[in-house]
Structures are given as C-alpha cells and as structure tokens.
Amino acid sequence: MGKKETRERIFQAALAIFSKKGYSATTTREIAAHAGVTEVTLFRHFGTKEYLFQEAILRFSPASILTDELDEKLTGDLHHDLKLLAKRYLTNAMENVEQIRIGVMEAPRNPELARAVCQIPIRLTSHLAAHLEEISKKGEMPEQNFKLKAQMFYNVLFQNVFSACTVPAIRFDFDEEEFIETLVSLFVNGLTGTEKDEV
C-alpha cells in the first residue's frame with residue numbers, strides 16, 4: 001500500500017471503532033489491527049490517538065462544506081445563498097451525525113478536542129458574516145451585526161442536528177425543505193428590514 005492509502009485505511013478503521021466504542025474505550029492496537037497495520041505505522045501517520053480522533057471529527061464536521069466550489073455557487077442573492085448554505089450544512093451534518101455525536105460527547109472530557117470543535121462554528125460564522133458584509137456593501141441590506149446574525153443562523157441549524165445526535169427519537173416533525181425555507185425567509189426578512197440592531 002502507498003502512504004496515502006495506508007493513512008486512509010487507518011483513518012477509516014479509527015472512524016469505525018470510535019463510532020462504535022467512543023474515544024476512551026478505543027485503543028490504538030484495535031485501530032491498527034482493524035486497518036491491517038502495526039501500531040508503529042499508525043503512530044507514524046497520526047502521532048497520537050488524540051490527533052487521529054480530532055482528524056476524524058474535523059474531516060466530517062459541517063465546516064468541511066466551506067470549499068472553493070461552494071463559494072463559486074454563492075451568487076450574492078441573499079435568499080439563494082442562505083438556502084444553499086443551510087442545505088449543505090444539514091446534508092453534511094445528517095450524513096455524519098454519528099461523528100458529531102461522538103464529538104459532542106467527548107469534547108467536555110478532552111480539552112484539545114474541545115478547542116478543535118470550537119473552531120467549527122467560528123469558521124462557519126466568520127465565513128457567512130464576511131459574505132453578508134460583501135452583500136451589504138453592494139447596498140442590498142443595511143449595515144448591522146453580521147457576525148451575530150451568522151451565529152444565530154447556524155445555531156438554529158445546529159439545534160436540529162443536536163436533537164438527532166442526542167435523542168434520535170425526539171425529531172422535529174416537519175419537512176426539511178419547509179424548515180429550510182422558513183428559516184431562510186425569517187433571516188432574509190430580519191437582515192433586509194429597516195430596524196437597526198440595539199446597541
């Protein structure tokens with residue numbers, strides 16, 4: 001196997017075992033055996049179990065939607081762009097809900113992981129806030145606290161995902177398309193309204 005293939009096999013093995021047993025109960029010996037490599041090989045590629053775990057969580061985090069391909073699809077039309085971001089976020093999050101669940105459970109017990117996980121909403125919020133600022137400069141909406149609005153936008157989306165991570169039986173009873181359309185409409189109305197943010 002080449003280095004890239006070996007690394008990916010270790011990564012996939014780790015993901016499978018972490019998903020099944022969680023961080024604490026998983027050993028590097030188990031991961032290596034599952035990947036068909038030695039522990040030495042595992043450490044050569046990832047250094048520590050902690051780093052491997054962080055890589056697994058971050059690769060599948062919703063922040064992974066922030067790509068050049070996504071930016072090319074943003075048109076500057078507020079409704080279109082918020083809808084695109086919401087769809088991408090929810091699709092990614094629901095496809096990787098198990099990894100998100102593990103991250104939510106393990107972060108309070110792992111300061112390094114907690115710091116890494118905290119970067120996910122920061123990246124998402126900063127990206128959207130910067131995009132809203134650009135739209136505002138074109139006169140499409142008044143200047144306001146875009147960072148706060150971006151944070152609120154993703155907080156609402158994460159609440160839906162969090163319910164699926166923690167209590168799968170308690171799911172919001174609505175159509176996802178209707179949810180996204182309602183969310184986007186509310187934020188478009190709020191962002192383009194004439195009321196100024198309170199100081």
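## The largest pocket

Helix 8 is the top contributor to the lining of the largest pocket, giving five residues. Helices here are DSSP runs of H or I with at least four residues, numbered from the N terminus. Helix 7 (97-106), helix 8 (111-137) and helix 9 (146-166) each put at least two residues into that lining.

In total 18 residues line the pocket, and Tyr 89, Val 117, Ile 120, Pro 121 and Phe 158 sit nearest its centre. (On a 1 Å grid over the protein atoms alone, a pocket is an open set of points with protein on both sides within 12 Å along at least five of seven lines, and lining residues have an atom within 4 Å of a point.) Its volume comes to about 350 Å³, that being the space filled by probe spheres set on the points.

## About the model

This is a predicted model, where local features need pLDDT of at least 70, side-chain atom pairs count only at pLDDT 80 or more, and totals for chains, interfaces and linings use all residues. Residues are numbered from 1 along each chain as its sequence is written, and side-chain values use heavy atoms, with hydrogens and water left out.

## Helix 6 against helix 10

The axes (lines fitted to C-alpha atoms over the stretch in contact, with angles from 0 to 180 degrees between N-to-C directions) of helix 6 (residues 78-95) and helix 10 (residues 176-192) come within 9 Å and cross at roughly 140 degrees. The two helices are therefore oblique to each other, the label for whatever is not under 35 degrees (roughly parallel), over 145 (roughly antiparallel) or 65 to 115 (roughly perpendicular).

How values were computed: 1 Å grid on protein atoms, 1.4 Å probe; cavity = no way out; pocket = protein on both sides within 12 Å on 5 of 7 lines; lining within 4 Å.
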